[in-house]
Amino acid sequence: MEAFEAMAADRWELAGAVWQETDLLLWKPPTAMFSINAFYTPDGDRRWLRN
């Protein structure tokens with residue numbers, strides 16, 4: 001929640017980071033102004049849909 005409050009108050013800045021904890025499947029048609037994202041949690045040889 002802290003991140004949302006910082007963005008709303010315009011008190012944020014970009015920082016380098018490495019994606020962790022989930023795998024991301026992102027689908028965005030070339031001309032679309034939106035994307036559909038599925039986040040998966042790795043579990044051995046399987047992945048579970050997180051959100």
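So, which residues does Thr22 touch, once we stop counting residues up to four places away in sequence? Hold that one for a second, because what we have here is a predicted model.

On confidence, then. The mean pLDDT of the chain is 90, with 98% of its residues at 70 or more. Within the chain, β2 comes out highest, at a mean of 94, and α1 lowest, at 83.

Okay, back to Thr22. You'll find Thr22 in the loop between α1 and β1. Its contacts, with those sequence neighbours set aside, are Phe39, Tyr40, Thr41, Pro42 and Arg50. And is Thr22 buried or exposed? Its relative accessibility is 11%, so Thr22 counts as buried.

Now keep an eye on Phe39, which is one of the residues Thr22 touches. The structure holds one aromatic pair, and Phe39 is in it, together with Trp19. The two rings are stacked, at 5.9 Å centre to centre and with 10° between the planes. What I like here is where the partners come from: Trp19 belongs to the loop between α1, residues 2–8, and β1, residues 23–27, while Phe39 sits in strand β2, residues 36–43. That's 20 residues apart, and the pair links distant parts of the chain.

Together β2 and β3 make a hairpin, with two residues between the strands. Have a look at Gly44 in that turn, where phi is positive, at about 65°.

Last stop, Arg11. Like Thr22, Arg11 is in the loop between α1 and β1. The relative accessible area of Arg11 is 57%, so Arg11 is exposed, whereas Thr22 is buried at 11%. And what does Arg11 contact, leaving aside neighbours within four places in sequence? Glu5 and Ala6.

Methods. Residues numbered from 1 in each chain as written. Predicted model: local features only at pLDDT ≥ 70, side-chain atom pairs only at ≥ 80, totals over all residues. Heavy atoms only, no water. Phe/Tyr/Trp six-rings, centres within 6.5 Å; stacked < 30°, edge-to-face > 60°. Helix = DSSP H or I, 4+ residues; strand = E, 2+ residues; numbered from the N terminus. Buried < 20%, exposed > 50% of the residue type's maximum accessible area, 1.4 Å probe, protein only. Contact = heavy atoms within 4.5 Å. Pairing = 2+ DSSP bridges. pLDDT = per-residue confidence, 0-100.
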